[in-house]
Amino acid sequence: MGDYFALLKPRVMSLVVFTALVGLLVAPLPVHPFIGFVSILCIAVGAGASGALNMWWDADIDQLMKRTATRPIPSGRVEPGEALGIGLALSGFAVILLALATNFLAAFLLAFTIFFYAVVYSMFLKRATPQNIVIGGAAGAFPPMIGWAVATGGISIESILMFALIFMWTPPHFWALALFVKSDYGNAGVPMLTETHGRDATRRHVLIYTILLVPVALGLGITSIGGPIYMAVAVVMNAWFLKGAFDIYRRDDAACEADKHKVEIGVFKVSLYYLFAHFCALLLEAALRQYGLGGW
C-alpha cells in the first residue's frame, strides 16, 4: 500500500490541500463542515490521481534520472498498468463525488486540473519547451480556485488572483532550486531551462518572474479577502523574495561554486515561506472578519 500511496505524490498533495482549504475558507459564503471535508478530500484525491497518471506516463524518463529512479514504477514495485488504472479510477471518483456534493463548476475545474497536469503538461509541454514549468504551473494553481467555487459556485477576481499568485510563484521557486541541484534532465531529454539556455538565462528568468509576481501579491491585498495584515505580510515577503532574486541575478557560476550556492539555497527557502505566509495571512484576515475586525 505504501507504493500505491507514493504514486499519489503526497508531498505535492499537501500544498494542494492547504491552498484549496484556504480558498474555501476565505470565500464569502459559508460551507457546511461535512461538505467542506468531502470537497477537500475530493481535491486531494484528484491531485493524487494526477500524480499517478504523471508517473505512469513519465516512467520511461524516471528510470533515467537518479532523483526519480526509486519511484514505484521504474523500481519495479508497481506495474505501469496498475498506476494508470489507479489514476483513472481516482480521477473519476473525485470529480463525480465533488459534482454530487457541491456544484458542477467546482467539479469541472477539478477535472480540468487533472487533465491539464496529466495530458497538457506531462504528455506535451514537459518534453517540448523549456517554459514547461511556467505553463504547467497552472495545474498547481487551480486548487484555491476550486475551493472558492465549492463555496460560491462561481469565479471572482479574488479566486483568479489566488490562482495567479501560485502560477507566478512557481517558476522562480522551481528555478531557484534548479540552480543549485544538479539534475540529469538533459540525459532524459527533458528541456528544463537550466539545460537548454544555461544558468545565466535562468537567473534572469528568476528575477523577471519575481518582479511580475509582486503586483499580483499586492493586488490580492486590496480585494475583499485582503486587508492590512495581509498587505503587511505581502510587502515584507515580496521585498525579501525580490531582494533574493536580484542577488541571484547578479551572480555567476564562479561565485556560486565558491560559496556552494549559498544565495540560491537561501532564496529557495524564502520561496517556501513565501506562499505559506501569504495564504496564512488570508486565513487570518478571514478569521478576523468573523468578528468584524478584518479587511479594509
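Leu41 sits in helix H3, which spans residues 33-57. Leu41 itself counts as partly exposed, because its relative accessibility is 37%.

The protein chain has a mean pLDDT of 92, and 99% of the residues reach at least 70. Where pLDDT is low, predicted coordinates should not be read in detail.

Charged pairs come next. Side chains of opposite charge can pair when their charged atoms come close. Across the whole structure, the search finds 11 salt bridges. One of them joins the side chains of Arg203 and Asp200, with N and O 2.6 Å apart. Both residues belong to helix H12 (residues 198-220), where they are three residues apart, about one turn of the helix. The two partners can be told apart by their accessibility: Arg203 is buried, because its relative accessible area is 2%, whereas Asp200 is partly exposed at 46%.

Arg251 takes part in two of the pairings described here. With Asp259 it forms a salt bridge in which the closest N and O atoms are 2.8 Å apart. Asp259 has a relative accessibility of 28% and therefore counts as partly exposed. Arg251 is buried, with a relative accessible area of 13%. The side chain of Arg251 also meets that of Glu264 in a salt bridge, at 2.9 Å from N to O. This second pair links distant parts of the chain, with Arg251 in the loop between helix H13 (228-249) and H14, and Glu264 in helix H15, 13 residues apart. Glu264 is buried, as is Arg251. Elsewhere, salt bridges with shared partners join Asp58, Asp60, Lys126 and Arg127 into one network.

Two loop residues have a backbone feature worth a look. His261 has a positive phi of about 60°, although it is not a glycine. This histidine, His261, is found in the loop between helix H14 (253-258) and helix H15 (262-289), and it is buried at a relative accessible area of 12%. Lys9, also not a glycine, has a positive phi of about 50°. Lys9 lies in the loop between helix H1 (2-6) and helix H2 (10-25) and is buried, with a relative accessible area of 14%.

Within helix H6 (residues 104-124) lies Ser122, a residue that is buried because its relative accessible area is 0%. The Ser122 side chain reaches the backbone oxygen of Tyr117 at 2.7 Å. Gly153, by contrast, is partly exposed, with a relative accessible area of 41%. Gly153 lies in the loop between H8 and helix H9 (157-180). From Gly153 to Val12 the separation is 141 residues in sequence and 26 Å in space, C-alpha to C-alpha.

Finally, the cysteines. A disulfide is a covalent bond between the sulfur atoms of two cysteines. The structure holds zero disulfides. Cys256 is buried, because its relative accessibility is 2%, while Cys280 is partly exposed, with a relative accessible area of 28%.

Terms used
Residues numbered from 1 in each chain as written. Predicted model: local features only at pLDDT ≥ 70, side-chain atom pairs only at ≥ 80, totals over all residues. Heavy atoms only, no water. Disulfide = S-S within 2.5 Å. Buried < 20%, exposed > 50% of the residue type's maximum accessible area, 1.4 Å probe, protein only. pLDDT = per-residue confidence, 0-100. Helix = DSSP H or I, 4+ residues; strand = E, 2+ residues; numbered from the N terminus. Polar contact = N/O pair within 3.5 Å; in protein donor to acceptor, adjacent residues only side chain to side chain. Salt bridge = Lys/Arg side-chain N within 4 Å of Asp/Glu carboxyl O.
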